[in-house]
Amino acid sequence: MPTKKKILIVEDDQFTVKLYSNLLADAGFDIISTPIASQALELAKREKPDLMIMDLMLTDGNGFEVIKEIRQDARLKKIPIITLSNLGQETDINEAIKKGSNKYFVKSNTRFEEVVEAVKELIKK
Amino acid sequence: MLIIPFYPANRQSAKFGQITGVCYNICESKKTKNMRNPTFPEITKEVGHFIDSLGDGVLVVNKGGIALDCNRAICNILGYKGKNDLIKHPALTLLSPTDAEGVPITKKNAVLFDSINNGKKIVNTIRQFIKKDGTRIWASLTTTPLKDKHNKTEGAIMVIRDVTKEKQQEEYRTDFAHIASHSLRTPLGNVMWAIEYLLSNQPGQLNDKQKSYLDDSYKTLKNMNRLVNDLLSVTNMPYKKIRPNWQKVNVADVYSKVYNDLQYYAQAHNVTIELANKAPEYFIKADENHVRNIIQNIIENAIRYAFNKSAIKINFEKEGKYTIFSCSNLGIGIPENKKKFIFAKFFRANNAVNKEGDGTGLGLYITKELVTLNKGKIWFESEENKTTIFFIQFLTF
């Protein structure tokens, strides 16, 4: 049986994490998560996820910096990153893409199926 | 001869009556005689009075950047008592400029010297200056080279407009948009996804009554989300320089995403969405997110105001260098005497309010703004209680 692909969720809202975990687990993925921006890098190094899902407004920092740090780390820079945020302004979207996010979804304007499709597409690459 | 032409930099600044260029006649001054070239352009008494009456600060410098003259407004803006506190001092010392990010400006990258050294006018550069009391102000700076009768640059005139209040308002708006985005959308998005999950039957089979309640809840949340999106767009639109991220966009792909998005909504209104020609691969030049908003708004409207059990018809056609998207419905239509208001902010026709109480009156306003941003056109044909067709012209890629 092939190993399940692993997704690291960096999100500080517990309801959101529960929801993502259930939806992505149903779609066949293994889920790990952290609500703490400063732990994201260490967790990524240890767990080597196949993809990361990032929120931008985190309790202890901003997701933009985490994306930037991931892209600057030789061992992690190739991990695909999906930003799932409710910041919908073009400046935020452009900033996340500029820092290295592969996809950006405004949560409340996106159906979860679209996110699952994007996860599958990015992991396949 | 005395010439004082006004050059509004753009329509926006023209509204505020900003002066971005002034010419001087040539004569000599005692005050700063030793600091200027004998042929340096001079402010006459009449022009001096006129410049003193302006709300924008004016500072005249020689080619070394030393202040030779100024008006009262610049003293007020920078917090100095009188002109003598400024004259004979280097402009960069007086202003202590930094760029918008707070990085100090030096002689090497100052627009003032760019203007002097290259003989060009530089309009509306945003800078932060430090006032005499140490507080910071935001300013819009325009520098115009001053030339002598041999057309040689001998200095520059700096026109400084204090935009601190506008900047603060912009920051409040950005903060509001961030807070509203995060605090309103997060719970909305979570509950919508939770309902989607339940409706997918993955966690367990729902009975008809449960499904019906969840369908209604989803519809209500969708409406609320639309309201939040519309209010945020309208908050930002007039103030932010939204620029399209020009891309090659496959309209068929965008349409199919919108189609999927609107399935629940169409079912709830008991209408169908039909594509006339089978998803043609038309490529347009536009911002994909804007196109999605535009198409979604138009189809959503068509659904909302359609008669029960009718069909929304979608079509894409190529016409020369344009691609036309059209969306027609059979429904309440737009009354003849309301047609001219249909793209106005917060406008809703009476028949629309009667049919659907929950609209914001912002959808078509936002749609038209986005279409215009993407160099497109929008128009419609409508007869009350009959067919309404909206057309949108995009640039073909």
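Me: Which residues have the most contacts inside the largest nonpolar core, and how many residues does that core have?
Reply: In this predicted model, the largest nonpolar core has 42 residues. Those with the most contacts inside that core are Ile7(A), Val10(A), Met52(A), Ile53(A), Met54(A) and Ile82(A).

Me: What does Ile53(A) touch, leaving out residues up to four places away in sequence?
Reply: With those excluded, Ile53(A) is in contact with Ile7(A), Ile9(A), Tyr20(A), Ile82(A) and Leu84(A).

Me: Which residues does the second, separate core include?
Reply: That core has 40 residues, and Ala286(B), Ala349(B), Leu364(B) and Ile366(B) are among them. As general background, nonpolar side chains in soluble globular proteins tend to be buried together.

Me: Let us turn to chain A. How many helices and strands does chain A have, and in what order do they run?
Reply: Chain A contains 5 helices and 7 strands. Starting at the N terminus, the order is β-α-β-α-β-β-β-α-β-α-β-α.

Me: What percentage of chain A is buried, and what share of its contacts with a separation of 6 or more comes from residues 24 or more positions apart?
Reply: Chain A has 125 residues, of which 42% count as buried. Residues 24 or more positions apart provide 60% of the contacts in question.

Me: And chain B, on the corresponding points?
Reply: Chain B has 12 helices and 12 strands. Of its 397 residues, 35% are buried. Where contacts in chain B join residues at least 6 apart in sequence, 61% of them link residues at least 24 apart.

Me: Back to chain A for its helix packing. At what angle do α3(A) and α4(A) cross?
Reply: Helix α3 (residues 63-72) and helix α4 (residues 90-99) of chain A cross at roughly 20°, and their axes come within 8 Å. Angles under 35 degrees count as roughly parallel, so α3(A) is roughly parallel to α4(A). The crossing of these two helices is left-handed.

Me: Which residues make that contact, and how do they divide by class?
Reply: From α3(A) come Phe64(A), Ile67(A), Lys68(A) and Arg71(A), while α4(A) supplies Glu95(A), Ala96(A) and Lys99(A). By class, the contact of α3(A) with α4(A) has 3 nonpolar and 4 charged residues, with no polar ones.

Me: Now the two chains together. How many residues are in contact on each side?
Reply: On the chain B side there are 21 residues, in contact with 18 residues of chain A. Within chain B, α6 (164-199) and α7 (208-236) each supply at least two residues of the side that touches chain A. Helix α6(B) gives the most to that side, with 14 residues.

Me: How many residues on that side of chain B are nonpolar, polar or charged?
Reply: The side of chain B that touches chain A has 8 nonpolar, 10 polar and 3 charged residues.

Me: How do α1(A) and α6(B) pack?
Reply: Helix α1 (residues 14-26) of chain A packs with α6(B) at an angle of about 30°, and their axes are 10 Å apart. The two helices are therefore roughly parallel to each other. Their crossing is left-handed.

Me: Which side chains are involved there, by residue name?
Reply: At residue level, the contact is made by Phe15(A), Thr16(A), Leu19(A), Asn22(A) and Leu23(A) of α1(A) together with Asn190(B), Trp193(B), Ala194(B) and Tyr197(B) of α6(B). The contact of α1(A) with α6(B) comprises 6 nonpolar and 3 polar residues, and no charged ones.

Me: Some single residues next. Where is Arg243(B), and is it buried or exposed?
Reply: Arg243(B) lies in the loop between α7 and β6 (247-250) of chain B. Arg243(B) counts as exposed because it has 10 C-beta neighbours inside 10 Å. Arg243(B) and Leu370(B) are 127 residues apart in sequence, and their C-alpha atoms are 9.8 Å apart in space.

Me: What is the phi of Asn124(B), and where is that residue found?
Reply: Asn124(B) is not a glycine, yet it has a positive phi of about 50°. Asn124(B) is found in strand β3 (residues 122-130) of chain B. With 16 C-beta neighbours inside 10 Å, Asn124(B) counts as partly exposed.

Me: And what about Asn151(B)?
Reply: Asn151(B), also not a glycine, has a positive phi of about 65°. Asn151(B) sits in the loop between β4 (136-147) and β5 (153-162) of chain B. Asn151(B) counts as exposed, because it has 7 C-beta neighbours inside 10 Å.

Methods: Residues numbered from 1 in each chain as written. Chains lettered and ligands numbered in written order. Predicted model: local features only at pLDDT ≥ 70, side-chain atom pairs only at ≥ 80, totals over all residues. Contact = placed C-beta atoms within 7 Å. Helix = DSSP H or I, 4+ residues; strand = E, 2+ residues; numbered from the N terminus. Nonpolar A, V, L, I, M, F, W, Y, C, P; charged D, E, K, R; others polar. Buried ≥ 20, exposed ≤ 12 C-beta atoms within 10 Å, placed from the backbone. Core = buried A, V, L, I, M, F, W, Y, C linked by C-beta atoms within 7 Å. Axes fitted to C-alpha atoms, helices over the stretch in contact; angles between N-to-C directions. Parallel < 35°, antiparallel > 145°, perpendicular 65-115°, else oblique. Left-handed = near helix turned anticlockwise from the far one by under 90°.
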